[in-house]
Amino acid sequence: MTTTAPPAEGVAPAAEPAPRSGRARFHPLTVSSVERLTDDAAAVTFAVPDGLRDEFAFEAGQSLTLRRVIDGVEQRRSYSICAPAGSAPRIGVREIPDGLFSRWLTREVRPGDEVEVQTPTGSFRADPSRGGRHLCVAAGSGITPMLSVAATVLTNPDAAVTLLYGNRTTTSVMFAEELADLKNRYGARFELVHVLSREPRDVDLFSGRLDADRMRRLISLLVPLDDVDDVWLCGPLGLVEDARTVLGELGFPADRVHFELFYVDEPPPELHRDEPEAAGDASAVTVVLDGRTTTSPVARSVPVLDGAQRTRSDLPFACKGGVCGTCRAKVTDGEVEMRRNYALGPDEVAAGFVLTCQALPVTDAVTVDFDA
Ligand code: FES
C-alpha cells in the first residue's frame, strides 16, 4: 500500500533542492505586519534581529519554511518570499479551505506574534547583476516569487520583465497595487499582462484561462522570445507543464526555464513491485545527518523520512509532497523507490539522490546520507 502525501499548502520550490552547505536553521521571528491583500490572502512580514540579518538575507525567488506544532505533531509549510532582495522577509499566503497553516496565517496571526521561521532556501533565484530580459508566467498565489524576482531584477537598468499573470477576477489578484507601482516606476521595462478567467476584458486574448493555447498566442504576440534570457514559472502543475511545453515548441532552451510548483494535489502513483509480498516487511533504515548515524526499522510501505523521523526528529523536511527538495539525501546502501519527484533533476537521480519523503525502502537494509 502506498500512502498519499498531503498536498503542499504553500508555494514550494521545486526545481532544485536547497544548497547543502550551511544547513538552514529555524529561529523565532516576530511578525512586524500583516497586510490583507484580498478576501482570502494576506502578506506577513517578519522582523529580523540584527544578529540574524546575514542568516536571513535572501535572493529573489527564495522561500521560507515555517513550523508549528498542531495537536502534538510538528507541521511545516514553505512559502515564497514576495519582497525584493535586501528588504525584510515577507511571505504572501492565500487561504486554503481546511489549511492548517494558511487559515492561521491569514486570519489569526497578528503583529507581535512569534513564529518559527527557517532561514531562506531554494535555488529558484534570480541574479539582478545579470540584467537581461525576463519572462515571468504566474497564476494565483504563484505571483509571490515573481514579485520578488521582478522587483529585484528591475533595479538593474539593463533588465526588462514581461509578466503574464492569470487570475479568476480582478478582486482575486494578489499584490495588484504593488504590481501597478512597479509598472509606474519602471514604465516600458516592465510589461504586465493580467489574464482573467471569469471576467471579460477589452482584449479577448486577456480573457479566459491561462492555458497552453492562450500562452502560445500571448508569447508569440507580445514576447520577443529570441531576446529572452530567462523564463520564470510559478503556479500549479498544469500551468507549469503547459508553459514548459509551449516554450519547448517555440524552441526556447529548457535549461533557461526556471519553475516552482505549488499545491500538488494529485496522489502519488502506485508502485508495482516485483515482490509485492515483501511490502509489509520492515527494512533496517540508516540515516546519516550532521555526522550522526541512526538505524531503525521502517515498514516498506512507509516513506524513509516518516519512518526515520520517529528516532531522528531533526531530519529536514517541508512539503512532504515531493515538491520542495528539502528532504533530499543520497542512497549509499540498498535501494528505495520514489513515488513522485518534482524536485530532483535527472543528474541528481542518476547520482543516487532521492526525496526521502517519497522514498519507500525496497531492500532489507537502506542507508541514506543527508550530509552527502
Ligand atoms: S519534504 Fe518537500 S520534497 Fe520531501
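Colleague: What makes strand β4 and strand β7 a pair?

Modeller: Two strands pair if DSSP finds at least two bridges between them; β4 (residues 63-70) and β7 (residues 114-118) have 2 bridges, in the antiparallel sense, and therefore qualify. Arg67 has Glu116 of β7 as its bridge partner. The model is predicted, with local features requiring pLDDT of at least 70 and side-chain atom pairs pLDDT 80 or more, while totals for chains, interfaces and linings use all residues. Numbering starts from 1 along each chain as its sequence is written, and side-chain values use heavy atoms, leaving out hydrogens and water.

Colleague: Why are β5 and β6 called edge strands?

Modeller: The open sheet of 6 strands runs in the order β5-β4-β7-β2-β3-β6 with antiparallel pairing. β5 (73-80) and β6 (90-94) each pair on one side only. Strands here are DSSP runs (E, at least two residues), numbered from the N terminus.

Colleague: Why is Arg90 called buried?

Modeller: Arg90, in strand β6, has a relative accessible area of 9%. Buried means under 20% (1.4 Å probe, protein chains only), whereas exposed means over 50% and partly exposed lies in between; Arg90 is therefore buried.

Colleague: What makes the side chains of Arg90 and Glu178 a polar contact?

Modeller: A polar contact is a pair of N or O atoms within 3.5 Å; within protein, one must be able to donate a hydrogen and the other to accept it, and residues adjacent in sequence count only through side-chain atoms on both sides. The Arg90 and Glu178 side chains are joined at 2.8 Å, and those of Arg90 and Glu35 at 3.5 Å.

Conventions. Helix = DSSP H or I, 4+ residues; strand = E, 2+ residues; numbered from the N terminus.
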